[in-house]
Number of protein chains: 2
Amino acid sequence: MQFNIDNTSNRAAYQQIIDQVKRDIALSRLVKDEKLPTVRQLANQLAINPNTIAKSYRLLEREGIIVTKPGSGAFVANLDSNLSRAVRKKLVNDDIERIVVEAFHMQIDKQIILEWFNNAVDKFNLTTKKDG
Amino acid sequence: MQFNIDNTSNRAAYQQIIDQVKRDIALSRLVKDEKLPTVRQLANQLAINPNTIAKSYRLLEREGIIVTKPGSGAFVANLDSNLSRAVRKKLVNDDIERIVVEAFHMQIDKQIILEWFNNAVDKFNLTTKKDG
DNA sequence: ATAGTTGTAATAGTTGAGATAGTACAATAA
DNA sequence: TTATTGTACTATCTCAACTATTACAACTAT
């Protein structure tokens, strides 16, 4: 599990950690029950404050992505969304719309962006609905 | 042209203005050369500081989305992306990946998210590449 | 039990973004 | 000339995102 912080990014450090954990789980690089680096380990490695990592873990736990156990560490949790379908749809669709608007202003072609999106969906292991 | 600010949003006011202008252009609700509300008008209407609107307009002009003319107003500019294809691809793909990762964690189905994305692309008037 | 490791929490301080407020200026339109 | 437009600048305020330090509580290993 390799983490890194892009200091030139305008995305907050704690958010970058969250992004990377989520991304690695989505890519199956991190699997259920796998142990994450400890707060102090990661803080030391990335040369940032332990509280920053602690915050990332706290939020990830609140989202149900990981489980933390004082004295033993932080572990990847079960995948189990607790948001209603309506809420999920709104959250995701707002983001999708924003991207499509950006693409429009960048004059990105319809086929091109659909292709990019398809690639992303294939890259990550989204579930596939069974018929019936 | 109807603007509004969502105070419960954690998105900055000046960003919400930018989002809405871009969105309305992408939806053809705002077309080339159309005049935007004046800084003072909009600030008054939304009950926020004129400098906030000024900032939105300044950034929109820097992006080439609008053209401002002291003494006469702000107008929708020509659509003309000045970013390289590589830069555009990176910007958009980073966003796309983040959304797909979110969708994964929300256990949103592959077909479902592709459908949502298709809907968004259809809603906005993305260009369509000619063959050959 | 004891020692060491883990995540948690609380406090105080720093930095920068976002916004408010006020004023002055320059370009345009009437 | 007069009013309207966007621009520029400064000072101030608030809050998020940290940084830094310390203390604490829960678990593991011995």
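In the predicted model, B:A47 counts as exposed because its relative accessibility is 68%, above the 50% cut-off. The residue is placed in the loop between helix 2 and helix 3 (50–62) of chain B.

B:D33 belongs to the loop between helix 1 (13–26) and helix 2 (39–46) of chain B. With a relative accessibility of 52%, B:D33 is likewise over the 50% limit and therefore counts as exposed.

For chain A, the secondary structure consists of five helices and two strands. The C-alpha trace of chain A extends over about 50 × 45 × 25 Å along its principal axes. Of the 132 residues in chain A, 40% are buried. Among contacts in chain A with a separation of 6 or more, 50% are accounted for by residues 24 or more positions apart.

Chain A is divided into two domains, with domain 1 covering residues 13–76 and domain 2 covering residues 85–123. A distance of 27 Å separates the C-alpha centres of domain 1 and domain 2 of chain A.

The packing of helix 2 against helix 3 was examined in chain A. The axes of helix 2 (residues 39–46) and helix 3 (residues 50–62) of chain A come within 8 Å, and their crossing angle is roughly 125 degrees. This angle lies between the perpendicular range, which ends at 115 degrees, and the antiparallel range, over 145 degrees; helix 2 and helix 3 of chain A are therefore oblique to each other. The crossing of helix 2 of chain A past helix 3 of chain A is right-handed. On the side of helix 2 of chain A, the contact is formed by A:V39, A:L42, A:A43 and A:L46. Helix 3 of chain A contributes A:P50, A:I53, A:A54 and A:Y57. Classified by residue type, the contact of helix 2 with helix 3 of chain A comprises eight nonpolar residues, with no polar and no charged residues.

Definitions and conventions
Residues numbered from 1 in each chain as written. Chains lettered and ligands numbered in written order. Predicted model: local features only at pLDDT ≥ 70, side-chain atom pairs only at ≥ 80, totals over all residues. Heavy atoms only, no water. Domains from an automatic or database assignment. Axes fitted to C-alpha atoms, helices over the stretch in contact; angles between N-to-C directions. Helix = DSSP H or I, 4+ residues; strand = E, 2+ residues; numbered from the N terminus. Parallel < 35°, antiparallel > 145°, perpendicular 65-115°, else oblique. Left-handed = near helix turned anticlockwise from the far one by under 90°. Contact = heavy atoms within 4.5 Å. Nonpolar A, V, L, I, M, F, W, Y, C, P; charged D, E, K, R; others polar. Buried < 20%, exposed > 50% of the residue type's maximum accessible area, 1.4 Å probe, protein only.
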